[in-house]
Amino acid sequence: MKITKIDVMLVHPDFRTGEVTNMQAVFGKCRPIFVRIHTDEGIYGDGEAGLQFAFGALAAAGMLQDFAHLLIGMDPLKNEQIWDKLYRQGYFTQAGGPVVYAAVSALDMAIWDIKGKYFNTSVATLLGGSRREKIRCYASQLQFGWGTDKTPATKAEQYAENARKAISEGYSAVKFDFFTFDRDGRSFNEDERTKLLSPYYVHLVEERVAAVREAIGPEKDLIVEGHSFTDAASAIQIGEAIRKYNIFYYEEACTPTPKMQRFVYDALKIPMSSGERIFSRWQYAPYIENQSLQVLQPDLSNCGGITEAKKIADMAYIYDVSIQGHLCGSALSMSATLQFESVIPNFLIHEHHVEQFQPYMNDLCTVNFEPKEGFFDVPQGPGLGTELSEYSLTHCDKWTIDG
């Protein structure tokens, strides 16, 4: 079997009235970047590049077009050879960043989709077989609200109410970035979240954390998100104030660098997590070795794909480090993440992002996945068990590479 052509697509979602959400106001509108790899046997596979929010979508689409030329004529069943070719011949892939690794990830995801369809089985089976059929998940980014009708949380009681709503639906864990909005709904700026904080900001965050902890009780897990908006000094101030509320883990407390991450962990001794802005096993290695992160969060649409995520998880397992796949993409990335998480021994919990409730997200793929009582079923394939919808294939800028 040979790869004959590759379609690269930058999709234009159908944002309904009022669907430009508060999350999009903070991070930018969603611009999904997909790829479809075709073969001479009529089997195709779909993948996603994880730069759909904020900046970089156009760059990822361009990188995919460049990389596509390297794969024409190759056997898609040889995913390790394909990955190494993209790594070595990509030049900037070595020690590279989000653009190159988002492109590698999309192509790798599509290759695994082809492999599953070729062997008529799931990606999870090809990775070694699921060890769990149910995947525990947490409700993610509740500062933006929870469900399709989202309103930013500004008062402590609104944070508590969003948490209670998720818990009532069966979730046993919730995650907030408590430092996104001021009491008037205004987004905080860089100067307000970095350097040593005045007591106002520390007390504001603690007030919200305390309200959520009281609302969910002592038996539910509370994850605190930082988005790397805080620096080491402000992260430590916040961590010291909230440590007593039994934080499950503290995510992206500072800009991801191994030494500063270790500095923050040493000061707080709260379990720390990061990963959506760490790319490839080479970049993950120092965090694993210096034990500055207790939870790694590789995003399968930008860390290097399924092939690379499995290697990162295996490295982490040696050091008793847990894995939670970062996820805010379409059903393609969700299926890849769920199947990967079902296989690895050091899986911790799965992210169910509030943006995935939005109707435009359900337009993108043929099958969408929803949790029940705080758990996902593992997709059964073949391949990813979902593929790009007719909407995605027809409402996009498309580039076809066939030589």
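This is a predicted model: local features need pLDDT of at least 70, side-chain atom pairs count only at pLDDT 80 or more; totals for chains, interfaces and linings use all residues.

If you look along the pair, the crossing of H3 and H4 is right-handed.

Now show the side chains at this contact, where Asn79, Ile82, Trp83, Leu86 and Tyr87 of H3 meet Tyr101, Val104, Leu107, Asp108, Ile111, Trp112 and Lys115 of H4. Coloured by class, the contact of H3 with H4 has nine nonpolar residues, one polar residue and two charged residues.

Next, select helix H9, residues 232-242, and helix H10, residues 258-268, whose axes come within 10 Å and cross at roughly 25 degrees. Because angles under 35 degrees count as roughly parallel, H9 is roughly parallel to H10. H9 passes H10 in a right-handed crossing. On the H9 side the contact is made by Ala232, Ala235, Ile236, Gly239 and Glu240, and on the H10 side by Met260, Phe263, Val264, Ala267 and Leu268. By class, the contact of H9 with H10 has eight nonpolar residues, one that is polar and one that is charged.

From H9, move to the loop between strand E6 (221-225) and H9, and select His227, which is placed there. His227 is not a glycine, yet its phi is positive, at about 60 degrees. Most residues other than glycine have a negative phi, and most peptide bonds are trans.

With that in mind, go to the loop between strand E12 (375-377) and helix H15 (390-394), where Pro382 lies. Is the peptide bond from Gly381 to Pro382 cis or trans? The bond is cis, with omega near 0 degrees.

For the last stop, turn to the largest pocket, which has a volume of about 580 Å³. Of the 26 residues that line the largest pocket, select Phe27, Phe53, Ala54, Glu276 and Arg277, which are the closest to its centre. Colouring the lining of the largest pocket by class shows twelve nonpolar, seven polar and seven charged residues.

Note on methods:
Residues are numbered from 1 along each chain as its sequence is written. Side-chain values use heavy atoms; hydrogens and water are left out. On a 1 Å grid over the protein atoms alone, a cavity is a set of points where a 1.4 Å probe fits but cannot get out, and a pocket is an open set with protein on both sides within 12 Å along at least five of seven lines; lining residues have an atom within 4 Å of a point. Grid points are joined across faces, edges and corners, and a volume is the space filled by probe spheres set on the points. Ala, Val, Leu, Ile, Met, Phe, Trp, Tyr, Cys and Pro count as nonpolar, Asp, Glu, Lys and Arg as charged, and the others, Gly among them, as polar. A crossing is left-handed if the near helix is turned anticlockwise from the far one by less than a right angle, and right-handed if clockwise. Helices (H or I, at least four residues) and strands (E, at least two) are DSSP runs, numbered from the N terminus. Contact means heavy atoms within 4.5 Å. Axes are lines fitted to C-alpha atoms, for helices over the stretch in contact, and angles run from 0 to 180 degrees between N-to-C directions. Angles under 35 degrees count as roughly parallel, over 145 as roughly antiparallel, 65 to 115 as roughly perpendicular and the rest as oblique.
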